[in-house]
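Subject: Structure for you to look at

Hello,

Here is the structure I promised. Please open it first, then read my notes below.

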Amino acid sequence: MKGTRFALLFVYSCLKIIKVLFYLCLNFLLHPSKLFTPRKTYSCPAVLRDESYGMHQFITVNGIKLHCVISGPEDAPVMLMLHGFPEFWYSWRYQIREFNKDYRVVAIDLRGYGESDKPAQTSTYTIPNVVDDLIELLGQLKVVKCTLITHDWGGIFGWRLVLKRQDLFDKFIVMCCPHPGRYNDVVNLENDSLFRQWYIFLYQLPYIPEMSMSMENFNSFKLLFRSRKYGFTNRDKFTEEDM
């Protein structure tokens, strides 16, 4: 059954990738400016340096530098926050302000995201490598126990982290990511969730993901977060400044 599910996902992913390639080729022929429009340059938004979110630190772990935003009383229990894709520490802005009254909140940019280092070799972006990043980070911060909050891909790393080092955590809160042992029960054909994983295959290809995501000055990100079909239900919580 597992082999059949994977085969269906693979075939579906190939069809979706062909659609992406067709779209890129069509735009290259009809609207080349969409592919080759000069990229806008942006200065760092002031909101990302808002001191109410905490102090910005760079901590060297596992051979790379991770960017962290840390706030709350130094003697308070630690709360570590792991974001999903395609996000960074700022996704936790509301939770940071809510919990830093009672916790020492640490919101990080995972390897490859935000202001953290982005190794060129794709082979370095493995789950074990990211888990080791996080274990070393907690060691650098001298954390004995903490609460772990995760979302989406951050949840995948969170599960592996907790299963490897249960001693480091007293609470684990995960959103949008089932337990690895129940993943196949949750992601299935009946609720269409299996086929939503096709983008993972797309992102294994060279160049194509970057080209498709960067078209029209990265308009795909705006569609992802702000469109009626894919974006936030409560659009007031994700402003143009956030975008």
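Which residues make a nonpolar surface patch of about 500 Å²? They are F6, F10, V11, L15 and I18. Patch residues have over 30% relative accessible area and no salt bridge; like charges are joined within 9 Å, nonpolar side chains (Val, Leu, Ile, Met, Phe, Trp, Tyr) within 5 Å. A salt bridge is a Lys or Arg side-chain nitrogen within 4 Å of an Asp or Glu carboxyl oxygen. Areas are Shrake-Rupley values with a 1.4 Å probe, and for residues only the protein chains shown count as cover.

This is a predicted model: local features need pLDDT of at least 70, side-chain atom pairs pLDDT 80 or more, while totals for chains, interfaces and linings use all residues. Residues are numbered from 1 along each chain, and side-chain values use heavy atoms, without hydrogens and water.

F6 sits in helix α1 (residues 2–30). Helices (H or I, at least four residues) and strands (E, at least two) are DSSP runs, numbered from the N terminus. F6 counts as partly exposed because its relative accessibility is 48%; buried is under 20%, exposed over 50%, and partly exposed lies in between (1.4 Å probe, protein chains only).

Now the sheet. Six strands form an open sheet in the order β1-β2-β4-β3-β5-β6, with mixed pairing. Pairing needs at least two DSSP bridges between two strands. The edge strands are β1 (55–61) and β6 (169–175). β5 (residues 146–151) runs parallel to β6, over six bridges. L148 stands opposite F172 in β6.

Best wishes
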